[in-house]
Structures are given as C-alpha cells and as structure tokens.
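Here is a short briefing on one protein chain. Look over the sequence and the model first.

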Amino acid sequence: MSGAAAAMAAPVRDANRDVQTAIGLGVWMVAVVVLPMSASLQARILLLAPLVIVPRLLPALRPEAWSAARMVPGPWAALLTALALVAAFASPPGPLAAAMALPWLAFAYGLAAAATLHGLRRLPQLLHPRRAAELAGVVAAGFLAVGGTFIVVDRLGIEPLGFSGTIVMLTAVHFHWAGFGLLAVGAWLAGRRPRLGPLALGLMAGIPVTAAGFVLGSSVLSALGALMTGASGIGIGLALLLGRSLHPGARRLGLALAGLALLIGMPVGIAWASALALGTTFLDIDAMVRTHGALNAVAVTLAALALPGRE
C-alpha cells in the first residue's frame, strides 16, 4: 500500500476500531449488571478482555507481518466470537455453557496457529534480544489460547487434576490479562523502544512460571514467577508513566495513568506470592482480585484505549 493510500485508510481503520471498542464496552457493561449472582467477580473482569482488550490490542502484535497473515483472525472476529462468552457465563456450568465458549476458543487457537507458524519460520533469528517485540507478539497469541482453554474448562464445570474452580478461573484471567493484554503492551513498548525488550522477555518467562507454581503446588515457584512478572510489570509501568515521547496528545494521559496503576498493583502481587512462599498470609483470594486484579485490569484497559492501532 502506498503512503497516500495508507494515510487515507488510517481514519477508516481507526473509526472501525473505535466502533469495535464501543460495542465491546457496551456489551460488557450490560453483562456486568445482568449476569447472575453465581457469576464471580473474576468472570466479570475476565469478560472485558475478550470483548475489548483483545480486539483493541490485536494490532499491537502486528499480525499483518506474520508469514501466515491470511489465516490470522482479525479484531472483528475477536469481538464476534467474544459475544458468545457472555451467554456462556450467563448459563450454569455444563456442556451447553462450554459449547457457547467454543467460538472464542476457535478464534484463540486460530490466532495461536498463525503465530506459531510464523515463529517457527523465523527461528532462530526470532530469539535475538532485539526481536523481543516480534517474539512477544507470537507468545501473547499462544498465551491467549491457553486462557481460552481454561475458559472452556471452567464452563464445563470440571476440576482437572483436583484444581478448584477458583484456580481454573484465575488461570483463565491470568492468561487473558497478563499473558495477552500486558504482554501486548510490552510488545508495543519494545517495538518503539528496543531497549525495553527485556521487560517483554520477563513477562514471557514469568507468566508461565507463575502458572506452573499453581499447577505443581509450589509456592516458591509461584513467588519466583510473580517476582519476574511483577518486576517486568513495574518496568512497563515506569515506561508508560515517564515516557513523555511515547505518544503525544490526550493519549499520553491514558498511558501515564496505566503506568501508575501498574506501579500500585504489581507490588501487591509480588507481596502476596512472597507471603505464601514464607508461610504467611497477606491477602485472601477475594481481596487480591479486588486490588491486584482490578488495578492490573484498569492499567491494561487504559493502555489499550490509549495505544494507536498501527503507526
């Protein structure tokens, strides 16, 4: 596409993105009110990611540059498949609720398949530190597929390997918000400031280590993962708060507020995991969702609303 054609297409693309965001936010706000009381706060927070965050941040991964670009599902596909999740969470756990979550899982798997194919073709160059932004995009797509899988497990109402429904739901939240949302923000930062690439790399390592700690029942491993993820999140928060040249105009305020929310929320996560490793109690799960979880969701949402689609 020529420079002139790209300039003409940009306003239309931005308008489409704003329409997607408005629809997603509207559906989410209705869902927060009408979902049954049996739907947890975690479920309500989770729904914002498929409805708004994923469609909004998908361009930050720059999937159009992937070698399998033709098979990459776009933001509209993300939004339309996410709509069925509202019905899935409004229904009691079981085969029907799980079936309504399958369109979202198909979207996530399609995105992950295209990202994996691209990543394999780019090896070993993709592993170079200066390729952190590109690698983060590939990994974020894979993390989204993990999150989508745990949504289906939650909607089935089963407890695999004896893990409680709360752990299943928190894993789905973890991989949607940190695994996709925060990592997509990290990819955008690394693309603009290559020296910030280690922050994205820290998230790529810390997020699965944290999850592995829960799966293996190792509070020490969970604490290590939380430290890696939290330190990277704090670095991203500082970059968003202090990076005056990241983006001009009104978007700058959104990025700064997102950074501030990360600087408050991430240390809470580190402290909670560290307390568990030391055999003490910091906050219970519900308090963590209302503090750490809510702050991180606010941070990623503000960043997603402030970041441009393509530059």
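What percentage of the 311 residues of the protein chain count as buried? The figure is 50%, with buried meaning under 20% relative accessible area (1.4 Å probe, protein chains only). This is a predicted model: local features need pLDDT of at least 70, side-chain atom pairs count only at pLDDT 80 or more, and totals for chains, interfaces and linings use all residues. Residues are numbered from 1 along each chain as its sequence is written, and side-chain values use heavy atoms, without hydrogens and water.

**Fold content**
- The protein chain has 10 helices and 0 strands; these are DSSP runs (helices H or I, at least four residues; strands E, at least two), numbered from the N terminus.
- Of the contacts between residues at least 6 apart in sequence, 74% join residues at least 24 apart; contact means heavy atoms within 4.5 Å.

**Size and surface**
- Along the principal axes, the C-alpha atoms fill a box of roughly 55 × 40 × 40 Å.
- The accessible surface is about 13500 Å², 72% of it belonging to carbon and sulfur atoms (Shrake-Rupley method, 1.4 Å probe).

**Helices α6 and α7**
- The axes of α6 (residues 165–192) and α7 (residues 197–216) come within 8 Å and cross at roughly 170 degrees. Axes are lines fitted to C-alpha atoms over the stretch in contact, and angles run from 0 to 180 degrees between N-to-C directions.
- So α6 is roughly antiparallel to α7 (over 145 degrees).
- Contact residues include F175 and L182 of α6, and L203 and F214 of α7.

Terms used: Angles under 35 degrees count as roughly parallel, over 145 as roughly antiparallel, 65 to 115 as roughly perpendicular and the rest as oblique.
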